[in-house]
Amino acid sequence: MYKEIYNEWLANVNEEQKKELVAIANDDKEIRERFTLPLAFGTAGMRGTICMGISNMNEYTVARATKGLSDYINSLGKIEAKRGVIISYDTRRMSFEFALTSARVLGANGIKVYMFEDVRPVPMCSYAVRHLGCIAGIMITASHNPKEYNGYKVYGEDGAQMSPEATAGVVKFIQSTPYFGIEKEDVKSVERKDILGKDGFKLSENITVIGKSLDDDYYAQISKLSLSDEAVKKVGKDIKIVYSPIHGSGFVPVTTMLAKMGISVSVVEEQKYPDTEFSTVAMPNPEQPDALKMGIELADKLGSDIVIGTDPDCDRMGIAIRDNQGKFILLNGNQIGAMLMDYILMRHKQEGSLPKNSAVVKTIVTTRLADKIARSYGATVFDVLTGFKFIGEKIKEWEESGEYTFMFGYEESYGYLSGTHARDKDAVVASMLFAEMACYYAYKQISLYDKLNDIFARFGYFVETSKSIAFKGLDGMEKMAEIMDGFRKEDMLVVNGVEMKSKTDLKDGTVRYFDDGRIEMSELPETNVIKYEFGDDEWLCIRPSGTEPKLKVYVSTKAESKEASQKRNLGIQQSLLQKIENQ
C-alpha cells in the first residue's frame, strides 16, 4: 500500500519535489517510513520533519490539514466562517510558505483570513484570535524542535489550542480529504518581501495582511501587567540584562517591551536575526544549556547578572543568573515559574490588589513548590493535564463563572502566563516580568540567587528532573504503548528503596493507595499518564509525549538540602530508566 501512495506522489508533485522522491526510489525502508502512516493531527496540531511524504510536513500535508479545517469551519455555518482565521508563523524553514498555503486554502473556501506581515510569536497569535473575533487561529511552528522540523498548531475561538472535541471534528474532515487537487485562492504575490511592513493590505479577496496595529494593541495589553514601576524607574537603566531570541520571533516584541518599560538590555548580536538553520546552537531550545551559552559569554564580558533566552516561537523562556560565587547557573522551568509566581502574588498582596479568589494553574508534572508558594498567599492551586490549552480552559471557565481570578499559570517545560490576554504560554510577558522582578529585587538590594534560596528555605528544597526517551521508526509508538501497558499491569511498591504511597492511572481514572488498598477516582480527564506519589509532596510520572515519539519520565523530590534532594531524585530516576530499558 505504501508503494502505491509513493507512486501517486511521484505522479502529482512538481519537478523539484519529484527529484527528492526519485532519490529514495531504491530505499524501501525510507519509502515505508514516509508513506505508511499520515502525519498525526491532534490537539497540539501536527509536527514533523520537512520533506515529501504523508508522514511529514510539506505543502501537501499542510494544504490537506487546512482543507479539513476549512470544511469544519464551514460546517459551523456562514456566520462563523465570516469571523475569519488569523495565521502567524515563526522563523523556521518553510514557515512563511506553509502560512501562505494555509491562507490560500482557507480563502478558496470562502473563509476570511488575517495573515501577519512577518514572523510573530505564539502569544500574539493567541491574542489576535480573540482581539479580531476570529473563529480559529493557525500558528506555523515546531516550537523548540531541531531545524529539520516544522509544525501546524490550531487555536479555537477562545485563543487556546483547539479542544479535543473540535479537533476530532477537524480530523474527520481531514481524513476524507485527498492530498492533491486542493483549490487555493489566487493572490497578488507569493513573495515574502512584498508584504513585509504592511498593515491592512489586501493580498486577495479573502486574505488581509496585518501588522503594526495589532502589535500596538498587544503591547498596550501586556503593559498593564507591570507591577513595580517605581523600582524600574530607579534601576531599570542601570541593571544589566542580556537577551537572546535564539534566531526566533521574540527579538522585536521582547526588546520593544523592555524599551517601553525603560529597562536596558544587550542583545546577543549573533543570535539577533532569523536564521532557519539556527546555526549558533545545537537545538533552539532554552531548556538546553547550549542555547544560552552565547548569552552567558556576552554577560560575562559585559558584567551582566541575568541572561534571558526565548525559543523560535517565543512561547518558552530560559534564564541564567549568577550564584554567590559570581558564576552563572541555569534555572529550570520549575524554578523560574516559582520565582515569577512568588513575585506576582507578593506584589499584588503588597499593593492590596490580590483578589480573595486568586488562583494559579499548573500542570500535573509541575513542581509542588508552586502549591506551597500559592497557598502562602491564600491562592488556590489547580492541577491540569500537560498542555497549556488546559490552563487556557481554566481562564475561560473562570471568566464566565467569576468563581476564581486567574493570577498565573505555568508548566515545567519553560512556559508561563501572567494575564488573560493570551490563552497560551507567553515568553514576551515572562521576559518582561522577569526583567522587572530583577529590577525590584535589585532596588531592594536582594540578589535573584538569594531570593531563590529564600524560597527553598521557606518551603523545602525541591528538585525536579525529566528525561525523554525517543522511539524512532514505525514501531516507535507501538513500543511506547507496550512500555506503558507494562507499567499499568505491574505496581511499583518500592523504587530505589523508596516506598510508594499511591498509583494514579489516568487512563482509567483510578487512584490506588497501597497502605490500605482503597481506590478513588481522579477528577482529571482520561489521558495516557501513570503517576506515583511518595514522601512529602514527592512524585514520579511516566507519559508519552503528545507531539513526538518520546516517552517522558519525571521525578520530583524534596529534602532539607539541595544535595539530599538531588541524591534521592537521581537514584529514583536511574531506577525508573533501568526498568524501562529492561521492558
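Aspartate 216 pairs with lysine 212 in a salt bridge whose closest N and O atoms sit 2.7 Å apart; the term is used for a side-chain nitrogen of Lys or Arg within 4 Å of a carboxyl oxygen of Asp or Glu. The model is predicted, so local features need pLDDT of at least 70 and side-chain atom pairs count only at pLDDT 80 or more, while totals for chains, interfaces and linings use all residues. Residues are numbered from 1 along each chain as its sequence is written, and side-chain values use heavy atoms, leaving out hydrogens and water.

Lysine 212 and aspartate 216 are four residues apart in helix H9 (residues 212-223), so about one helical turn separates them. Helices here are DSSP runs (H or I, at least four residues), numbered from the N terminus. Aspartate 216 is partly exposed at 35% relative accessible area, whereas lysine 212 is exposed at 55% (buried is under 20%, exposed over 50%, partly exposed in between, with a 1.4 Å probe and protein chains only).

Arginine 375 and aspartate 371 also form a salt bridge, with 3.8 Å between the closest N and O atoms. Both lie in helix H14 (residues 369-376), four residues apart. Here arginine 375 is exposed at 55%, but aspartate 371 is buried at 7%.

Across the whole structure, the search turns up 51 salt bridges. Lys153, Asp315, Glu411, Asp424 and Lys425 are linked by such bridges into a network.

Terms used
Helices (H or I, at least four residues) and strands (E, at least two) are DSSP runs, numbered from the N terminus.
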